[in-house]
Amino acid sequence: MSCSADAVKDKLLWNVKKEVKQIMEEAVTRKFVHEDSSHIIALCGVVEACLLHMLKRRAAGFLRTDKVAALFTKVGKTCAIAGDVCKKVQELQQQVESRKNQPNGQEPLKRQGSTTSKTPVLTPQAIKHIWVRTALIEKVLDKIVQYIVDNCSKYYEKEALLADPVCGPILASLLVGPCALEYTKLKTADHYWTDPSADELVQRHRIHGAHGRQDSPSKRPALGIRKRHSSGSTSEDRFAASAREYVESLHQNSRTHLLYGKNNVLVQPKDDLEAIPGYLSLHQSADSLTLKWTPNQLMNGTLGDSELEKSVYWDYALIVPLSQIVCIHCHQQQSRWTLVLVSQDGTQRPPLHFPQGGHLLAFLSCLENGLLPRGQLEPPLWSQQGKGKVFPKLRKRNSNKSVDLEEMPAEDTSTDYVFRIIYPGHKHDNNTSEMIEMQGFGANLLSWQLEHCSQGSSCISCSMGSSPYDIPSCCTCIHDRTPLKMLCESMKRQIISRAFYGWLAHCRHLSTVRTHLSALVNHSIVPPDRPACAAAGLTKELWSKYQKDRKNYKELELLRRVYYGGVQHEIRKEVWPFLLGHYKFGMAKKEMDQVDADIALRYQKVMAEWKACEVIVKQREKESHSATLAKFSSGSSIDSHVQRLIHRDSTISNDVFISVDETEPVEQDPKGQEEPALTAPPAAAEFDSPDSGLPSSRNYSVASGVLSSIDDGQGGSFEDGPEEEGSAGQRAQPGLLQPQDSVPEEQPGSQLGSQDYLVDVASVCAASYTIELLDTVALNLHRIDKDVQRCDRNYWYFTAENLEKLRNVMCSYVWEHLEVGYVQGMCDLLAPLMVILDNDQLAYSCFSHLMKRMSQNFPNGGAMDTHFANMRSLIQILDSELFELMHQNGDYTHFYFCYRWFLLDFKRELLYEDVFTVWEVIWAAKHISSEHFVLFIALALVEVYREIIRDNNMDFTDIIKFFNEMAEHHDAAEILRIARDLVYKVQTLIENK
């Protein structure tokens with residue numbers, strides 16, 4: 001019971017530490033924290049959880065549902081600081097209530113700079129945590145919590161967190177930092193960008209992901225976050241961070257000029273919806289002209305703050321940069337005008353239906369003025385005395401004679417106009433037809449246009465007269481409408497041209513795939529449904545059938561089931577040794593027993609060797625420490641050797657492997673040279689490797705060094721026990737050497753003899769090891785001890801006993817690979833094997849097989865750079881849009897944020913249960929689909945969140961922070977499904993199916 005209670009307290013404190021760290025990082029980055037920051041809400045939530053932990057019923061109030069309010073009220077009666085917070089909160093609650101009761105009939109939006117309303121705007125989350133939030137912003141939360149801790153007996157049970165003599169003061173101390181920060185209400189350009197957490201970004205994406213954007217049919221809506229100093233052509237297409245800020249930006253402000261505004265302009269966002277009225281506005285900034293249309297539902301203030309941001313009407317709003325528009329079509333239908341904007345790629349924006357009257361002409365006039373001086377409408381609007389701007393005069397062919405439309409009856413008039421937006425300063429404007437071709441409309445796109453005059457200049461003279469009827473005699477312009485047939489032919493040519501170039505690009509794409517990616521996947525595709533569906537994975541029933549009849553079950557079929565469905569948890573201990581190569585599929589029981597016996601013998605021998613060396617290292621460290629203290633106490637200088645040891649110990653780092661320094665040569669014991677080294681029994685063939693022994697610079701093997709210190713009358717074989725008890729003459733168990741800090745079981749009175757034996761081993765073997773070897777072993781033991789103690793300490797399996805097993809396995813592996821040594825991360829790779837296999841000898845063998853591949857990912861190998869290069873090629877082929885985005889936002893196409901993924905096979909990215917599934921799929925994928933399946937898992941992780949990455953313009957720092965926060969929150973099944981689909985996609989591209 002006490003253990004679970006302590007675990008709850010630790011969890012609560014850990015959550016507070018995490019949120020305090022987040023909010024302090026934001027303060028350091030931005031120099032202040034906005035009151036609407038998501039980190040404030042998160043911190044208030046975890047602090048409330050601590051305050052409510054085992055709160056007395058009397059303190060919480062018998063009838064009050066808000067226990068935090070009851071606690072603050074009760075504390076406020078005796079604490080003046082808490083009393084002030086209570087008054088402040090009551091005022092805020094009254095203001096919020098009065099704001100809710102205000103009538104909604106009048107327009108609530110104010111132009112910027114308006115100070116008519118002082119009522120604070122609080123989000124529902126801020127209101128939910130209003131007590132703690134107010135105390136935090138008033139910078140007194142730490143004092144209130146400290147007061148509660150000092151008087152905890154009044155409010156809490158004895159087992160509560162705040163009643164704990166250690167945890168309570170720690171909580172109060174953690175809140176000192178956040179209470180010292182500056183909180184502001186200032187609306188900066190990016191005040192809503194507060195580095196939202198990964199969970200918040202995912203939640204926003206889920207809210208908006210189901211809706212399509214009308215102004216960008218091929219993309220999902222943006223999340224509405226604009227970062228400071230963000231760049232890119234798409235910045236004009238994004239909503240501002242705040243819904244209300246966006247609506248207020250539709251009015252005149254310091255950044256943009258409002259050129260035109262009109263209510264009740266109708267837009268039909270979808271075919272199955274009726275036309276929706278909205279507010280149309282035209283805004284001019286220093287370098288752009290933007291058209292916006294906002295539904296009235298977002299303008300009239302009937303939605304609350306939370307509803308406003310989540311409203312589906314945001315999906316219907318339009319933001320159109322006019323730099324992307326090349327043509328404007330105007331259609332008259334029953335005295336109402338409709339305007340259609342055509343983009344450079346030929347797509348049409350939703351039609352805008354203007355009310356009756358001259359509103360469309362007024363809009364075009366404002367647009368023409370806004371385009372000047374860099375752009376203009378072609379043809380331009382005419383100026384008519386007494387009327388101002390009017391449409392250009394249009395002549396319509398009818399029975400081979402021209403009829404002025406103005407002379408026709410009004411009821412028969414159905415007029416269409418097409419205006420082109422041109423920028424005369426552009427180079428390609430010298431050739432009008434070429435420019436239109438480049439924009440994808442063909443040379444005859446316009447329904448009518450003005451041709452060049454004989455002098456070579458643009459024909460503007462016909463529009464500059466005082467009357468549209470006053471056309472100069474020298475003008476030879478053609479004012480006829482181009483037939484619709486020619487327009488269709490032009491569009492047909494463009495479609496065929498695009499299809500051809502698309503086919504050509506696809507062929508080049510396939511060539512690139514074959515050249516760069518063919519080595520990343522297996523060329524033979526193994527389907528998931530033949531001969532039988534493999535979605536269920538390798539089950540216990542199927543595995544038992546295989547064990548009974550091994551010859552009738554092929555290895556490929558078992559691996560196929562593992563690849564597509566994983567392994568049932570109950571049989572993982574039996575299956576994993578096969579997947580990792582400890583056993584071979586098809587082995588008989590007798591052969592498997594022989595492999596186990598060989599591994600046990602080898603493991604005992606290796607562990608005995610490094611434990612014997614550990615005895616020397618421990619004694620040497622103790623002697624050097626005593627010598628250092630003696631030197632300091634005597635006031636003399638430290639000799640060079642001791643000084644080097646102290647420097648080495650003080651600079652030990654567990655993050656990067658440090659090469660061993662050059663050491664002073666030490667004379668070897670001549671007696672040790674005369675005695676021959678004892679050869680160890682042969683090990684299994686698969687474990688032979690060039691780096692399985694000691695470095696060539698060492699003078700003697702460990703076996704000969706230890707055996708030379710043993711009396712001739714004692715055992716002469718390592719299998720019989722390298723370390724024997726001195727006084728009793730008894731031998732240890734075969735091949736096992738007890739740790740130095742534990743005393744073997746002995747007869748009474750033999751303890752003194754055992755300690756004498758350790759001294760003898762140290763005195764004799766010290767001459768058998770080089771200083772280089774002893775220093776290397778000491779360095780690696782220090783690193784291993786430090787990492788083992790913190791390896792997955794919150795997981796239930798790793799008790800003190802199992803941590804000792806983990807250390808033994810790791811030290812045994814490192815002893816055989818001292819040239820590489822221990823590198824941080826190896827314990828992470830060994831820990832899941834220990835959990836599943838629960839056998840140190842079997843885990844040692846499987847870990848050795850696993851490290852044949854994984855060791856290349858560590859700094860001494862070169863696989864990591866290869867992974868990064870392959871990731872770059874993969875994403876260029878499979879998701880070029882995301883690659884371009886990554887290249888633009890700081891160019892993090894080096895994929896360094898994937899380093900931890902590849903180093904640990906995603907062990908720290910997933911929950912423990914998901915790690916088991918992902919690992920066994922990786923091991924099976926080598927034979928089924930790809931030896932480089934980790935690349936496709938990494939790409940799948942990026943693809944799962946590609947919309948969030950794209951919509952938020954994430955740079956390198958953002959994406960590292962995002963994936964760090966998303967660790968252990970991923971959907972492993974979905975990621976594996978996407979990874980398998982990506983592999984299949986590359987295989988299909990290579991086969992050109």
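# A chat about rings and helices

Trainee: Is Phe933 buried or exposed?

Mentor: Phe933 has a relative accessible area of 1%, so Phe933 counts as buried. Buried stands for under 20% relative accessible area, exposed for over 50%, and partly exposed for what lies in between, with a 1.4 Å probe and protein chains only.

Trainee: Before I go on, what kind of model is this?

Mentor: The model is predicted: local features need pLDDT of at least 70 and side-chain atom pairs count only at pLDDT 80 or more, whereas totals for chains, interfaces and linings use all residues. Residues are numbered from 1 along each chain as its sequence is written, and side-chain values use heavy atoms, with hydrogens and water left out.

Trainee: How many helices and strands does the chain have?

Mentor: The chain comes to 37 helices and 15 strands.

Trainee: Where do Tyr563 and Phe933 lie in the chain?

Mentor: Tyr563 is in helix α19 (residues 555–565) and Phe933 is in helix α34 (residues 933–944), so that the pair links distant parts of the chain, 370 residues apart. Tyr563 has 2% relative accessibility and therefore counts as buried too. The charged end of Arg980 also sits over the ring of Tyr563, 5.9 Å from the ring centre; the rule here is that NZ of Lys or CZ of Arg is within 6 Å of the ring centre and within 35 degrees of the ring normal.

Trainee: What about Phe895 and Phe897, which also form an aromatic pair?

Mentor: Their rings are 5.7 Å from centre to centre with 45° between the planes, and the pair is tilted. Both Phe895 and Phe897 are buried.

Trainee: Which residues do ring pairs link into a cluster?

Mentor: The cluster joined by ring pairs consists of Trp576, Tyr795, Trp796, Tyr797, Phe798, Tyr912, Phe916, Trp919 and Trp923.

Trainee: New topic: how do helix α4 and α7 pack?

Mentor: Helix α4 (residues 67–76) packs against α7 at an angle of about 50°, and the axes are 9 Å apart. The axes are lines fitted to C-alpha atoms, for helices over the stretch in contact, and angles run from 0 to 180 degrees between N-to-C directions. That angle makes α4 oblique to α7, given that under 35 degrees counts as roughly parallel, over 145 as roughly antiparallel, 65 to 115 as roughly perpendicular and the rest as oblique.

Trainee: Which residues make the contact?

Mentor: From α4 they are Val68, Ala69, Phe72 and Thr73, and from α7 they are Trp131, Val132 and Ala135.

Trainee: How much of α7 is buried?

Mentor: Helix α7 (residues 130–137) is mostly covered, with eight of its eight residues buried. Just after α7, Lys139 takes a positive phi of about 65°.

Trainee: Which peptide bonds are cis?

Mentor: Among them are the bond from Glu378 to Pro379, with omega near 0°, and the bond from Arg530 to Pro531, with omega near 5°. Pro379 lies in the loop between β10 (376–378) and β11 (382–384), and Pro531 lies in the loop between α17 (484–516) and α18 (540–548).

Methods. Helix = DSSP H or I, 4+ residues; strand = E, 2+ residues; numbered from the N terminus. Contact = heavy atoms within 4.5 Å. Phe/Tyr/Trp six-rings, centres within 6.5 Å; stacked < 30°, edge-to-face > 60°.
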